[in-house]
Amino acid sequence: MKRVLSIMLCVAVIFSALGTIGAMGAKEVAGQFGIMTKSDDFESYETGLKCSWSKTSSVIDYHNYGGYAGVPVISEEVAHSGNKSVKIFSRCNRGASLKMINLFESSEVNLGTTFDISFWIYADKDSGVYKSTGDTTDKCTAFTQQEFDKSEGTFFNMVLAGPDGDNYKYRSGYGDPNGSTFVKWNTWTKMSIQHTVQAKFYDDGSADALMNPAVNAVRLYQSGIDYTVNSGLCDTFYVDDVIVEKVGATVSASEANQDGSILNIHTDYYQPLKDYTAKAFACEYLGGQLVNIKSGNEYKVVSTHQSYPRRNSFVLEKKYKESQVVVYVLSSDFANPICRPTTINLIPWSVTEERIASLDDYAQSIIDSSTATYKDNIEEVPFVDGNKYYRSVGAAYTQSSEPDGTRYNNGLVVRSSCDSYIKFSVPDKTDKVAYAYLRLFTTRNGTSNVPGVISVYETGNDWIETNLTHNNAPKLGEKITELEVTNHYVPYYFDITDYINSTLSEGKTEYSFALSATGSTYMSFINERNTGNKYYKPALIFEGVGEDKASYGISSFAGDTFVEVKHTTDEANFDPVDAEKVKTVSSITHFTPKTTMPKLSEYGGWIDGGKYNATGYFHTQFIDGRWWFIDPLGYKYIDMGVAQTSPRMLSDIQKAGFEERYGTTDVWKEQIGEEFRSYGLNGMGPWSNYKTALEASKPLTQTVFKQNFLAAHDKDGWAQDGILEVFSPGFVTSCEKQAELLVSGYENNPYIVGWYTDNEPPASGSMLKNTLSMVLDTSDKYYTYAVAWKWFKARHGEDATVDDITDKDKEDWVELCYDRYMQVVTAAIRKYDKNHMIFGPKLDKNHRGMFRGVGRYADAIGYDYYPNAFTPDRMVVNEWYKWGGKPLMNAEWYVKAHNACNDETDLTNLAGVGYEVPTQRDRGVYYQAFALGMLESRVFVGWQWFKYMDNDPSDITQDLSNIDANKGMYTRDYKTWDEFLAMVKELNINVYNLTEYMDK
């Protein structure tokens, strides 16, 4: 108790010292953040002054934008502080805005800086509230007296914008409005919006029409209102105490219950220049006295995380209904503020209920229009690879030194004192298999692992993982097989073919295996519960179901002729002690590699592979047990592309290299196609400059990702809050804009393979709870919230709470979200393009609901596949295919070589995911082994290597995941990695012949 009191006293003293942070006139605050750059309390301006001063001045410029309102003036009628504020009046349209320009400098000096733009707003109810628009206020329809009396306030929102002038691309606003806030009538309410300066928003000095991309302004208006009782058009409002401040975080809150006594406190941290630790404190005040305090957990804000903002949340239980809550965010020394104190102002629950109730019919219409089936698999998909894969249904290990202890949440440890047990359910009936394997993936268990022989035993099925102990474990039966296990982060295939074939005839439907070792052997394997690895969970694999070895041939999973390659996942201390035996083109028995290119169509299609339906555009087709793209002329096609292929010249090194190799963009667009084709590469993948590339006389095919549909609409943390805001009319409008930008002018181009629509959107078990508990701070969120609760209550009744969420609900909600996403996105693209394929978003979450939702609309499903292994996880690939029912593309993959790191390249390979291998040739082994695995699955119709060029540490426009790694086929100065590309070529020119070999 003394410790709690001392912490509260310490924090109270700190907060008392910080109390003046938000005061007007303050110039700077100590600490890493909280640096005020501009402030305005309007006290220095002459009363009655019309706000139309110079747009190039160093002070903030205020004026009306969008028409339908009087010119803003300095007023003494009401003020938040002092005696003056800025007033905008006679607003007869929700688009009539107060625009604030010159809030910050849009240039390299602020790159990566997050600004918090905040101010106080006063909505004057007595000046007029309207439920329709007009040319003048006289032509607007005012609220009836009953509506007027019932109305508690209205909504205002903001949009980031550029300066005025025909040359500014974003003068009307960048993207969709956000930052919507409910403002009570005749009450000062704080509003804020955040902006992180990016290079794409620099003022580049362009004077051409709509070409200068500068963003340095905010528009405040009411674009999201629907003219209902608590969403009416406000005639007059006032703004005071404008503050622009550099921040490291922002705070928001939501009610966790209807009476507002329990609050969810959310802190969104922005990407820092250096790592630090922070903590948020929620302080409850009553009559100015501190009566309650609650802190969140310490949060490590890491500069190398790829997606920001990152949210950290905790719960505050208020002691008093009428109290005020202020949230402080401090660095871990409790001295440096990360942002100004935030007073929590929530929308009254009565307003929220009224708004949600008004959306009831809309929510039901969205649910009724869904095509989600909520099934485990798509039963109608063609049977493909002839194998059966089974996940474990139980796994645990025992320890003799603690005979009554249970161990089922961690990895599977095998040593002289520890046996591991794995159980599988096998409901499918078959009389024989060509091969059967128990597949396990090794991991590290501290520094104690010792390689050695692991033996597999038959054992009884009478055990449950949650209560398995050394004392009650079933006895070891017959020894089935053994294997020397020597390396970490490697899949091992224990051959149990003879045992499986001997038991299949018995009708066995459940198998349990025990793993045991003697001597000093000490190894660990991941289990099904392991959350740190999506791939290579324990698997029972039946290869060649219904066949024997003689008729089936060589197994895909093991072979004496395979090539050994070393790798590591610890780039900071490169030590490639781990090795894996993998298949390459030259190691395939009875296959003679070609050394010349096959005969190809102008699109890269395989002319000798037969001719099929020619539509003039690419499409997919299932032919003789394998999925294919079919090119515009009707030939089979596998997309072998390279992502981010563009003439990049954003550093001096890139410029010099480009000048030496190509000289001009016109030369580049012609030459790059010939270079790629010489390596058997036939296309360009996501983030490439497809518009320039398609101007070539002999273009490469283009698998395009250029516009974000979801991220463009939902800018406030869609990647980290796990909420898909796809249910509003605004999402439909936004997607149509993005589709036009993506497709316009290319709808009839035959070299376009298809369109990707987003990059790695979220899918997780927490999405439903996050949505049902979301902060209703924008108009769009009400639609999402209303749909979620309508859908959820239909399952669990009107009294349902988040505590009633089931595992099936979690999965099905993700499917509903992506079903809606794909409906809207597909319709938007089809409005402008009825010819090309649609792939939907580039996925990277191993989530059944996501695949089900995307698969119903996509022609093929793209997945960014980084499994930390040299071959695809065929069990997982098989699941993806059954969930989505469509062929797959590897939309992003790479491996890094250690020998690329030197003083000339400045590379360290610390950025990005995936393996690091010793040499460029080892990168080529990875390319071949992984591509062969994709071909063996018979469901992959292409892959796009990430990426064209290595990262360039001197290119400051790159995100941190792309700053210093050997990912490219070319160096940062446009040289080629010849050893790597030689093996890329060997695989690529044999792809079509390999499919014939594999499909015999």
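Me: Between which strand and which helix is Lys 947 found?

Reply: Lys 947 sits in the loop between strand S45 (940-945) and helix H19 (978-988); helices are DSSP runs of H or I with at least four residues and strands are runs of E with at least two, numbered from the N terminus. This is a predicted model, where local features need pLDDT of at least 70 and side-chain atom pairs count only at pLDDT 80 or more, while totals for chains, interfaces and linings use all residues. Residues are numbered from 1 along each chain as its sequence is written, and side-chain values use heavy atoms, with hydrogens and water left out.

Me: What makes the bond between Phe 946 and Lys 947 stand out?

Reply: The peptide bond joining Phe 946 and Lys 947 is cis, with omega at about 25 degrees.

Me: Is Tyr 974 buried or exposed, and how do you know?

Reply: Tyr 974 lies in the loop between S45 and H19 too. Its relative accessible area is 0%, and buried means under 20%, exposed over 50% and partly exposed in between (1.4 Å probe, protein chains only). Tyr 974 is therefore buried. Tyr 974 also has a positive phi of about 70 degrees although it is not a glycine.

Me: Why is Tyr 489 called partly exposed?

Reply: Tyr 489 has 23% relative accessibility, so it counts as partly exposed. Its place is in the loop between strand S25 (476-485) and strand S26 (491-495). Tyr 489 has a positive phi of about 55 degrees and is not a glycine.

Me: Why are H12 and H15 called oblique to each other?

Reply: Helix H12 (residues 729-743) and H15 pack at an angle of about 45 degrees, with their axes 8 Å apart. Axes are lines fitted to C-alpha atoms, for helices over the stretch in contact, and angles run from 0 to 180 degrees between N-to-C directions. Under 35 degrees counts as roughly parallel, over 145 as roughly antiparallel, 65 to 115 as roughly perpendicular and the rest as oblique. H12 and H15 are therefore oblique.

Me: Which residues make that contact, and how do they divide?

Reply: On the H12 side they include Phe 731, Val 732 and Cys 735, and on the H15 side Tyr 821, Val 824 and Val 825 are among them; contact means heavy atoms within 4.5 Å. The residues divide into 11 nonpolar, no polar and 4 charged (Ala, Val, Leu, Ile, Met, Phe, Trp, Tyr, Cys and Pro are nonpolar, Asp, Glu, Lys and Arg charged, the others, Gly among them, polar).

Me: What makes H4 and H14 roughly perpendicular?

Reply: The axes of helix H4 (residues 360-368) and helix H14 (residues 779-796) come within 9 Å and cross at roughly 70 degrees. H4 and H14 are therefore roughly perpendicular to each other. Tyr 362, Ile 366 and Ile 367 are among the H4 residues that meet H14, whose side includes Tyr 783 and Trp 791.

Me: How many residues does the largest nonpolar core have, and what has the most contacts inside it?

Reply: The largest core has 168 residues, and those with the most contacts inside it include Trp 813, Tyr 927 and Met 969. A nonpolar core is a set of buried Ala, Val, Leu, Ile, Met, Phe, Trp, Tyr and Cys residues joined through side-chain atoms within 4.5 Å. Its largest share, 11 residues, comes from helix H15 (residues 807-832). A second, separate core of 38 residues includes Tyr 45, Phe 115, Phe 156 and Val 197.
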